[in-house]
Amino acid sequence: MFAGLNFRGTSVRWALWPIFLPLLFVLLAPYAMTWRFAGGRLYWPEGATELLGRSLLMAGGTAALAVLLGLILVPGALRAQGVFTWALILPAAVPALVPILTWLDLFPGWRGLTAVIFVQAIMNAGLVAVSLARGLESRWAGAVELAIAEGASPRMIWRRALLSGLSGELRQGFTFVLAVALTSFSIPLVLGGRQAINFEMGIYQALQLEMNWSAALSLSLIQLLLLVFLVTLLRPRGEDQMATRARLREHLGSRWSLALGLLPAAAMLGTLLARAGIGVAQFDPTLWRELPRAILASGLVAFGTSVFVALGLWLVARGLPDQRERQWLSAYTTPSAVLLGFATLALGEGHGFEMDLLRIIVGCSLMFAPALWRWRIAPRLAELDRQVEVARCLGARDSLIAARVVVPAIRNDLAWVAGLAAFWAWGDFALSSVVAGRSQSLALVARDLMQAYRLEAAALCIVLCLLMGIVQAAITQNLLRRRE
Amino acid sequence: MSQIRGLIKDYDGFRLEIPLMELSDQGVTVLRGPSGSGKTSVLRILTGLEPCDGFEWWIQDQGREINLAELSVRDRRLGVVFQSYELFPHLSAQQNLSFAAEARGLDPASTANRLRRLIQRLSLEPILERRAEKLSGGEKQRVALARALIGQPRFLLLDEPFAALDQDLRAEARQLLQQVLHEEACPALLVTHDPADVDALATKVIDIENGRLRSSK
């Protein structure tokens, strides 16, 4: 596994072990545990072919629809600036509880495969659009300007040049959403209906309902192979050319498309606030009693997760991973939220309050850290490559470079990822469902209320999750940021 | 003369092939060539940032010949100024300089005089406390030069150090570089495609094209 790594010096490589060990734990512990319970038996489980077909259908359908919607929203993404860009990405970044509740509110009877496809596609469409818009700005800005100068209309440019020119970005977007949808758990869990419609659900059912460890292990290995294949297809994007961005916005941007792209975020916000207002009246004494404990638990989970994530990524950065090592780390994807959840059982037996929280914290940290690494830390470290090279030329040892150049330079990024990890942890109920013996956190209480169709009360809990998450994220970021 | 031998490396669609190259022990050797000719690759291999099998760089050091290619990046003790200077933006000019001194493991007390002289020579006093990201192009260039020289390098490598400066500032910067290099008695390799750099600074000129040396004078 480490054959491709460039071992420059023992001290540096040792510095990378704190991240490799958790990764190894995540990768191996679930398999080791299930291997033991399965008695070393691997087989093609009954119904696996059907599950594979459904899983691919669900993920493929989600990816195709997300890319189609993303294309429609590209002019809007080109038009969007600042907060509007964030609003386009928001559905993909908020905890899954929010889009689920919105869907249940707008389409109460619509569940099953198509519901899952639509929800996931709408969640990811804005993100795909922004990503396509950035690709357009970085690779086609000059050519588009030239075409406009030569008299081509925006429609002609879209039809004749950009659709074929963006084929690489479209493939990347499709592959990314496909990989996300293959491993999604929370949305199929609530909206998928009785039948398992993807591998995560299959694994969950095999373990939770049937205690069939062999089937779970076999299914997760099939999923892992699929994921590894997909991740190898993902390539980093090119660099932005900000100078021409404003002109592209003017020529190809569209207010209508932007308005369409903002609809999901607006619908989510509208549904949440409308329901939450009624939800206050629906809160019975039992719920009011449960609330402080759930808030405390969620706060502790968010705090622990942000600390673990920031600490883990800080350790990685201190190790000064080179380009190849960064690619290796970026290629890593948490194999399965369900298996990861079960793997945290290795931390200790029993389902007490503290043990449940510890498991959720470890699970959430290991689930969020790879995504946050890819999103923020890896690109930032790539930007620092030249500075690290200069420092090496000046004769600096790696420990000095890490302490004086790299860590101070990425401190604000670490603060940012710690804050986001805290925000996501407030809303996690997928992994927590697997890990916790009872509904310890606020997000789990919200899930219980949703499953009981008490949507107003659930909305109030979700609003609380979001508000508390935002406050804790802001405090975390503020505490960790570098003072100028 | 210091001798470079076996600088041969295959890249994707490009071959760098320099069996022998001689750099002057004094003054500035200019490596001149158009974009894509392999100048920067040569520089990166010399610094040790890029590996190159079979490459040797023989240099006179305190009366004995040593092969720098056998040493690590740190132990080669080279000074480098890149085109974009690559100062550490979150550190002040002073901190950039003290980082370089600390990186070389220099004793602060014994370095103080040298540091003071470089600061004075390069007129850095007014900007010492300013963060590097707030400095102008010319100021950055002067700090980068002081940072490269603080560790008393065996050789100074300069990668188009005037390219980011305005035309007005270039002549002044060239003159300053020439004087400082003379005072420090530090040989330098200057990578450039600007004929004005050659006219102002070169004691020896080597032309490179398509990864091969064309002439040396």
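**Entry 1**

I began by asking which residue of E7(B) is the bridge partner of B:Val81. I found B:Leu158 there. This is a predicted model, in which local features need pLDDT of at least 70, side-chain atom pairs count only at pLDDT 80 or more, and totals for chains, interfaces and linings use all residues. For my own bookkeeping, residues are numbered from 1 along each chain as its sequence is written, chains are lettered from A and ligands numbered from 1 in the order in which they are written, and side-chain values use heavy atoms, with hydrogens and water left out.

E6(B) and strand E7 (residues 155-159) of chain B run parallel and are joined by four bridges. I note that two strands pair if DSSP finds at least two bridges between them. Helices (H or I, at least four residues) and strands (E, at least two) are DSSP runs, numbered from the N terminus.

Next I looked at the side chains of strand E6 (residues 78-81) of chain B: B:Leu78 and B:Val80 point one way, B:Gly79 and B:Val81 the other, and all are buried. Buried means under 20% relative accessible area, exposed over 50%, and partly exposed in between (1.4 Å probe, protein chains only). In a regular strand the side chains alternate between the two faces of the sheet.

**Entry 2: the open sheet of chain B**

I traced an open sheet of four strands in chain B, in the order E2-E1-E4-E5 and with antiparallel pairing. Strand E2 (14-23) and strand E5 (64-67) of chain B stand at the edges with a single partner strand each, so one side of each is left without a neighbour in the sheet. From one strand to the next the twist averages 20°.

Within this sheet, strand E1 (residues 2-11) and strand E4 (residues 56-61) of chain B pair in the antiparallel sense over three bridges. I noted B:Glu56 in E4(B) as the bridge partner of B:Arg5. Helix H1 (residues 39-47) of chain B lies across E1, E2 and E4 of chain B and runs at about 115° to E1(B). Axes are lines fitted to C-alpha atoms, for helices over the stretch in contact, and angles run from 0 to 180 degrees between N-to-C directions.

For chain B as a whole, I counted six helices and ten strands, and buried residues make up 54% of its 217 residues.

**Entry 3: helix H4 of chain A**

How many of the ten residues of H4(A) are buried? I get eight for this helix (residues 97-106), including A:Trp103 and A:Leu104. The buried residues of H4(A) pack against several helices of chain A, among them H5 (113-139) and H13 (255-282).

A:Phe107 lies in the loop between H4 and H5 of chain A and is partly exposed, with a relative accessible area of 35%.

**Entry 4: A:Thr62**

I then turned to A:Thr62 in helix H2 (residues 48-79) of chain A, which counts as buried at 0% relative accessibility. Leaving aside neighbours within four places in sequence, A:Thr62 is in contact (heavy atoms within 4.5 Å) with A:Ile117, A:Gln120, A:Ala121, A:Val177 and A:Ala181.

**Entry 5: two positive phi angles**

A:Leu320 is not a glycine, yet has a positive phi of about 45°. I placed A:Leu320 in the loop between helix H14 (285-318) and helix H15 (323-331) of chain A, and at 7% relative accessibility A:Leu320 counts as buried.

B:Asn210, also not a glycine, has a positive phi of about 50°. B:Asn210 sits in the loop between strand E9 (202-209) and strand E10 (212-216) of chain B and is exposed, with a relative accessible area of 52%.
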